[in-house]
Amino acid sequence: MPTIQQWLNEYGENHQNTTNKTIHWICVPAIFFAIVGFLHSIKLPFVITGHRINVAMIAFVFMIIYYFLLSKTLWVGMFLFGTICLLINHFIELKFLMPLWAFSLLIFVAAWIGQFYGHKIEGKKPSFMKDLHFY
């Protein structure tokens, strides 16, 4: 398994254009947020302290373990961002006018369109086409 520095170096090689980098700073977190929303929409038949458990909560635990093993610095950031995504998705599910999965789908599609547009500007195909770890 490559080190985090090797992944970041290779990722950086494919993201040199300033516009593409800006698009990625917006779209990559948006895609993550949308995936959390999809997983949050899948309810499990368990309740802990009055909260219905969903697949996003289980995935969050595994993601945190993965990032802890990969990089302590990234672990902190992913823990914070993942927690914020869980909380916002929970709020959207409770208060928004459309189902969470539908809202997540809109975000997911728009963010991927942005990603591919950024790579068109860059003139290079997305890194995940070469290695799924970049996703």
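Q: At what angle do helix α2 and helix α5 pack?
A: This is a predicted model, where local features need pLDDT of at least 70 and side-chain atom pairs pLDDT 80 or more, while totals for chains, interfaces and linings use all residues. Residues are numbered from 1 along each chain as its sequence is written, and side-chain values use heavy atoms, without hydrogens or water. Helix α2 covers residues 18-40 and helix α5 residues 100-122 (helices are DSSP runs of H or I, at least four residues, and strands runs of E, at least two, numbered from the N terminus). Their axes, 8 Å apart, meet at an angle of about 155° (axes are fitted to C-alpha atoms, for helices over the stretch in contact, with angles from 0 to 180 degrees between N-to-C directions).

Q: How are α2 and α5 oriented to each other?
A: Angles under 35 degrees count as roughly parallel, over 145 as roughly antiparallel, 65 to 115 as roughly perpendicular and the rest as oblique. The angle here is about 155°. Therefore α2 and α5 are roughly antiparallel.

Q: How is α3 oriented to α4?
A: Helix α3 spans residues 55-70, and its axis lies 8 Å from that of α4. The two pack at an angle of about 165°. So α3 is, relative to α4, roughly antiparallel.

Q: Which side chain meets Glu-93 in a salt bridge?
A: The structure holds one salt bridge (a side-chain nitrogen of Lys or Arg within 4 Å of a carboxyl oxygen of Asp or Glu). It links distant parts of the chain, 50 residues apart: Glu-93 sits in helix α4, its partner in strand β1 (residues 43-48). At 2.7 Å, N to O, the partner is Lys-43.

Q: How many charged residues are in the contact of α2 with α5?
A: Ala, Val, Leu, Ile, Met, Phe, Trp, Tyr, Cys and Pro count as nonpolar, Asp, Glu, Lys and Arg as charged, and the others, including Gly, as polar. α2 and α5 have their axes 8 Å apart. Their contact has 19 nonpolar and 10 polar residues, and the number of charged residues is one.
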